[in-house]
Amino acid sequence: MLPIKPHLVYLPLFISCLFGCQQMETPSDFQMPGDYIIAGFFSIHSIYNEVRFKPEVTLCERSESFNGHGYHLFQAMRYAIEEINNSSSLLPNITLGYELYDSCSKSANLYAALSVISQPRSNHIKVPETFFNYYPKAVAVIGPDSTDMTSLSASLLSTFLIPQISYETTSVMFSNKENYPSFLRTIPSDKHQVQMIMVLLKTFGWSWISVIGSDNDYGSQGLQMLEDLTTEQEICIAYKDFVPVSAEADDDTMKNMMLSLKESGAQVVVVFCDKRTAHIFFKAVVLRNVTDKVWLATEAWSLSTYITQVPGISRIGTVIGVAIQQRQVLGIKEFEEAYTQAKKTSNPSVNPAQDGDDQICNQQLSFMMEIDSELSESSMNAAYNVYTAVYAVAHGLHQLLGCPSGVCNASRIYPWQLLEEIKKVNFMLHGNPVSFDENGDPVTGYDFVTWDWNGPNWTFKIIGASTQYPVHLHIDVTKIRWHRGENQVPPSVCSEECPAGEARRILGLHHCCFECVRCAAGTFLNSSNQYTCQPCGKEEWSPAGSQTCFSRTVEFLAWNHPVSVVLIGANTLLLLLLAGVAGLFARHLDTPVVRSAGGRMCFLMLGSLAGAGCSPYCFLGEPTALTCLLRQTVFALGFAAFLSCLTVRSFQLLFIFKLSAKMPTFYHSWVQNHGPRTFVVVSSSLQLLICIIWLVAWTPVPTKEYKHFPELVMLECSQGSSPGFILSNIYTVLLSVSCFTSSYVGKDLPENYNEAKCITFSLLLYFVSWIGLTTTTAVYHGKYLPAINALVIMSSLSGVFSGYFLPKCYVILCRPDLNTTEYFQASIQDYTQRCSSP
């Protein structure tokens, strides 16, 4: 509020010379004395384009047309005050008076506001330093009916903290209590109306719309709120425009607007206009044949017969509107009929106005031929809002004057005191609750209506209702008669919804225009984000085009799996055979066959194979830290020890039969220094050192593999192809090659000492098995890979076991005649003779 100097400022108002524009018939029609005066602003006449050439109030009786709607509201206020004055429970022993003004134009509305804030029995406005003790002519104001009119009067009345309750102004700007601290209303604000329109759009799936507004505060603010909410609700505005104040249905502006509406492709149009602008707009719609659309109406024109009277409007499509919840002012029709009948009976004459300084304009404005306008649903709703506003003021006065005690304390009150009480009112009016929220807005909802045409006859149907706190909407779709065939809901989208599992890729500027892209495997389309395929978690998977992720199945070769059972059985049988051969060799330890096979070294060889044979068990079941450490290293150590024994045995036979005579000193040193034992220990120790480095530097640990199977988590051991593993295999291969070389060089030794064929077969099976494992590992990564590893190890062990030990067992068990000293000596003599013959 602007600072005002302490001295008084007097604004003389020549109300007497202008008062005739605000009075009708007799002074009692527009004025009635009382203990407390309530002012009312009503557009009884309409002036759409006010042109003024000098600063004077427009004469309302010279206006373009009589406004039957405003007349009904004028009578509703008179009726409410008469009803309250006749009540014994509300404001007993208090009489309410009124001053009613015809706010047919902005100048008339401004005049009415200045008249209200003037002091009683005075035509002056005194502007003091503080307004808390200012006493104006009226304690409260009801009205006016539009945003433009209200912005003028509310600015003045809020300055003096005079309560103003509007019955039709819906602009959200008046909810700002910093700018309009004394403004209240009995009609919901546009904020709630826009919210309901958005809920309606979402209910029917309309995301591609056009919006048209009137070129004033009502239209611009409404469309701005609508735009703000469409962004949040993923609804796009294909076309937006305003109907100019000076527009005509057949001018170029409206023609271009109609062409743009057709080209937008939107089948739903939100028309946020006042009645006059909506009338011009729909005349242009009919003229340009813009049909086959759904028109969403605001409460300003959804029930207006002024719009339904546009010729040809029944062909435009389907109209669905937001309307104030239907309320009835009981007895208002009878009150108006009695008033009209009384005026027609009296039939007063019309005398011309007198000129002079105290000019009194004609107080007997005869419009008896015009006031028989029918009370429509729209007028009845607005009349109820006026009726409610008057009762809200009365209840505020009732509390302020101490009337609940039974007797009202009639005393001077100030508008700001009444304002505080009105904000707190909470009462029932004919079964309907009346109260205001912190912004001065009513706590109420809306009805939703549809226009129903039956030939030339028009009516409307209530198809649903909404609540404000919380926002909730219920629509009975079966009551809507759609303009399309088969009574189907017309779609209004830029792009059809994507199938499940397909994301939107925006095309152009609007997010409602898009193409559909299928989500790749391993991603999913989150319902909260239709534009991005979200990756699944590490423990999840999804097929292509999925809307959710699934938990991966943990895979490993369990102990009770049939493959595992077979492997366990086969490997156990191999170990039993090794134990059986060890027992057989122990029993025939001193026989030539056992001694030629290595004697006691055979037990080391069999033990090494048995130790390596424990490795397959580590490949079965869920991998653990211990089994990951043992599964490869146990085989590498055992097999290296076996190959070391086999190599040194082949080398020793070669040395005895071929090199001992040529290198006696070396042979003597070899024997004295336990060459075979030393070689086996050193060779095995070297493999042990490699394994220790392997386990320390590249420790195999249980790990989860996610890459090869999207729906599975493979449990395996890490570092399957680590440098340590490769180095260990290289060393094993070197021992194999050394063993093969030694046996091949001694291929011409005596038959009983010649192992070339058996060793070649055994090592060939070993090489083929591991080459097969390497190839399989490169192309297969399933849960049976551990079983393949175990099978390769068993194949390698079975090969060297069968190639080296089974022929000896055959001789011991089946050919004892070959297991004699004489037979071996004969074989040696035969070899000696062959070597000595030229």
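In helix α4, K106, N109, L110, A113, L114, V116 and I117 meet D148, M149, L152, S153, L156 and L157 of helix α5 (contact: heavy atoms within 4.5 Å). By class, this contact of α4 with α5 comprises nine nonpolar, two polar and two charged residues. Here Ala, Val, Leu, Ile, Met, Phe, Trp, Tyr, Cys and Pro count as nonpolar, Asp, Glu, Lys and Arg as charged, and the others, Gly among them, as polar.

The model is predicted: local features need pLDDT of at least 70, side-chain atom pairs count only at pLDDT 80 or more, and totals for chains, interfaces and linings use all residues. Residues are numbered from 1 along each chain as its sequence is written, and side-chain values use heavy atoms, with hydrogens and water left out.

Helix α4 spans residues 106-117 and α5 residues 147-159. Helices (H or I, at least four residues) and strands (E, at least two) are DSSP runs, numbered from the N terminus. The axes of α4 and α5 lie 9 Å apart, at an angle of about 20 degrees. Axes are lines fitted to C-alpha atoms, for helices over the stretch in contact, and angles run from 0 to 180 degrees between N-to-C directions. The two helices, α4 and α5, are therefore roughly parallel (under 35 degrees; over 145 is roughly antiparallel, 65 to 115 roughly perpendicular, the rest oblique). Their crossing is right-handed, a label given when the near helix is turned clockwise from the far one by less than a right angle.

A second pair consists of α8 (residues 252-264) and α9 (residues 275-287). Their axes come within 10 Å and cross at roughly 65 degrees. Helices α8 and α9 are therefore roughly perpendicular to each other. This crossing is also right-handed. M254, M257, M258 and L261 of α8 make the contact with F281, A284 and V285 of α9. Its residues are seven nonpolar, no polar and no charged.

Strands β11 (residues 208-214) and β12 (residues 236-243) run parallel, joined by seven bridges (pairing requires at least two DSSP bridges). W208 has C236 of β12 as its bridge partner. From β11 the chain passes through helix α7 (residues 217-233) to β12, in a right-handed β-α-β crossover. With the strands pointing away from the viewer, such a path runs clockwise from the first strand over the helix to the second.

G317 belongs to strand β15 (residues 317-324). The C-alpha atoms of G317 and D292 are 4.8 Å apart, across 25 residues of sequence. Beyond neighbours within four places in sequence, G317 contacts K293, W295 and H483.
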